[in-house]
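Take a look at the model first, and then we can go through a few of its residues together.

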Amino acid sequence: MMQGAVSAVSLLVLGSAWLVHTVPVLIEPFILTQENFHLAQFMGKWYEVAVVSTCPHYMQRKRGNPVIVALELQHVASDGNFAMTATSFRNGSCKLTSTDYGLTNTPGRFFHHIARFGADVDSFVVHCNYDEYAMVLLLSTEKPSGNKTTAFKLYSRAMSVRATVLDDFKTLVRQHGVSDDAIIMNQNKETRLFPGVCVPGERVTQPVTAQPQIFLPKRWKRNTVLPVVR
């Protein structure tokens with residue numbers, strides 16, 4: 001009788017161990033968002049002034065066209081989401097895209113889907129003072145491959161940011177194991193006829209490039225010629 005009991009217990013233990021090794025456990029990412037996040041204050045106009053990603057294809061594409069993206073965030077109180085309209089210069093003309101972000105139970109965390117890549121994206125507003133800057137962490141998972149990508153974006157209410165804000169952004173990037181040397185500082189490109197204004201559909205034969213918002217190191221070698229951004 002005792003041997004039968006021991007055998008039964010052994011089978012239960014083995015069965016439990018088999019379940020532990022074969023059943024995948026989904027772990028939600030634990031990322032702290034901005035304390036006491038206020039969605040209404042986060043809405044409005046922003047500029048994407050800096051970005052970095054662990055996706056090499058995205059970084060290559062972004063380096064080829066590092067332009068500031070104008071963002072307009074709008075939320076209707078009765079809806080469970082908000083819309084982000086992005087406007088930027090690409091291939092000599094002004095492009096506009098709109099994305100719907102779903103709200104979650106966590107204030108400061110949003111969700112959207114990118115059909116082109118079959119990717120689900122979670123966005124976390126980790127730092128934000130609403131009237132000046134916002135730092136956003138994005139975690140994306142492509143399906144069915146399961147490839148994961150981490151990205152960081154720095155939003156500003158103006159087309160530039162203070163040096164201390166940029167330093168905090170670099171610290172955030174490093175804390176998540178990403179090199180801050182890879183951060184791309186976006187540039188402000190504008191038309192001759194409408195400086196600072198991007199009109200969707202407008203063709204620009206020779207866009208004027210404003211001075212890029214890049215914070216240079218303190219020391220430069222003498223007689224060093226800075227590269228011309230085109």
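Let's begin with Asp180, which sits in the loop between helix 4 (163-175) and strand 9 (184-185). Please keep in mind that this is a predicted model.

**Asp180**
- Is Asp180 buried or exposed? With a relative accessible area of 17%, Asp180 is buried, because buried means under 20%.
- Which residues does Asp180 touch, not counting those up to four places away in sequence? They are Lys170, Val173 and Arg174.

**Ala119**
- Ala119 lies in strand 6, the strand that spans 119-128.
- Its relative accessible area is 4%, so Ala119 counts as buried.
- Leaving aside neighbours within four places in sequence, Ala119 is in contact with His112, His113 and Ile114, and also with Thr141 and Glu142.
- Glu142 is 23 residues away from Ala119 in sequence, yet the two C-alpha atoms are 4.1 Å apart in space.

- You will find Arg116 in the loop between strand 5 (109-114) and strand 6 (119-128).
- Arg116 has 72% relative accessibility and therefore counts as exposed, since the cut-off for exposed is over 50%.

Methods:
Residues are numbered from 1 along each chain as its sequence is written. This is a predicted model: local features need pLDDT of at least 70, side-chain atom pairs count only at pLDDT 80 or more; totals for chains, interfaces and linings use all residues. Side-chain values use heavy atoms; hydrogens and water are left out. Helices (H or I, at least four residues) and strands (E, at least two) are DSSP runs, numbered from the N terminus. Buried means under 20% relative accessible area, exposed over 50%, partly exposed in between (1.4 Å probe, protein chains only). Contact means heavy atoms within 4.5 Å.
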